[in-house]
Amino acid sequence: MRKVIISVVLIIITVHLSGCLDTQVAQIDQLSEIINEYIQSGDSYFNKAAANTNKYRYYEAQQQCDNATTQYNLAKTSAQEALIYSRNIQDEIYISYMEITLQELDAKINATSELKMAIPLFMGNDTTSANNHVDLANQFMQSSLEFKKQKQEIVKQNPTKFKL
């Protein structure tokens, strides 16, 4: 009788834990979609900011830098949450993906910050300093593309884990 009770308890615990794992994976999937939407929105704002900077529309460029930063920070917060879920279920693939996502977002945030610092310098005709910041922004965005490629490779190698 004791073995039966222990077996039933173990089955209940196993079922409960598997439900928790499924719930956390569902949370990761949902957050991944949200993260991607924020990144796309941030990229759109960043590209508009760069275009407006080139057209000497500095006020609009600063506004779009602020919007890009907001979107990237929202993505970062979501990625940090997804990383917690990934660690809870101890899934190395999700953990790696989310860590790379955070590195990508840090690069994008830094790029946006550099572009935003360049704008008042352009306004003050300090083009040398402004261009230095623009160069740094481009380097950070280039780094973000490398992180994006790493993420794409993880997705490619693990198609059953990621919705394509």
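The largest pocket has a lining of 21 residues, with Ser32, Asn36, Tyr97, Lys151 and Val155 nearest its centre. The model is predicted: local features need pLDDT of at least 70, side-chain atom pairs count only at pLDDT 80 or more, and totals for chains, interfaces and linings use all residues. Residues are numbered from 1 along each chain as its sequence is written, and side-chain values use heavy atoms, without hydrogens and water.

A pocket here is an open set of points on a 1 Å grid over the protein atoms alone, where a 1.4 Å probe fits, with protein on both sides within 12 Å along at least five of seven lines; lining residues have an atom within 4 Å of a point. The space in the largest pocket is about 490 Å³, counted as that filled by probe spheres set on the points.

Helix 1 (2–54), helix 3 (92–123) and helix 4 (127–157) each give two or more residues to this lining. Helix 1 gives the most, with eight. Helices are DSSP runs (H or I, at least four residues), numbered from the N terminus.

Now the helix pair. Helix 2 (residues 58–88) packs against helix 3 at an angle of about 165°, with the axes 9 Å apart. Axes are lines fitted to C-alpha atoms over the stretch in contact, and angles run from 0 to 180 degrees between N-to-C directions. The angle therefore makes helix 2 roughly antiparallel to helix 3 (over 145 degrees).

Helix 2 has 31 residues, which at 1.5 Å a residue should span 45 Å; its end C-alpha atoms are 45 Å apart, in agreement. Just after helix 2, glutamine 90 has a positive phi of about 55°.

Terms used:
Parallel < 35°, antiparallel > 145°, perpendicular 65-115°, else oblique. Expected span 1.5 Å × (residues − 1).
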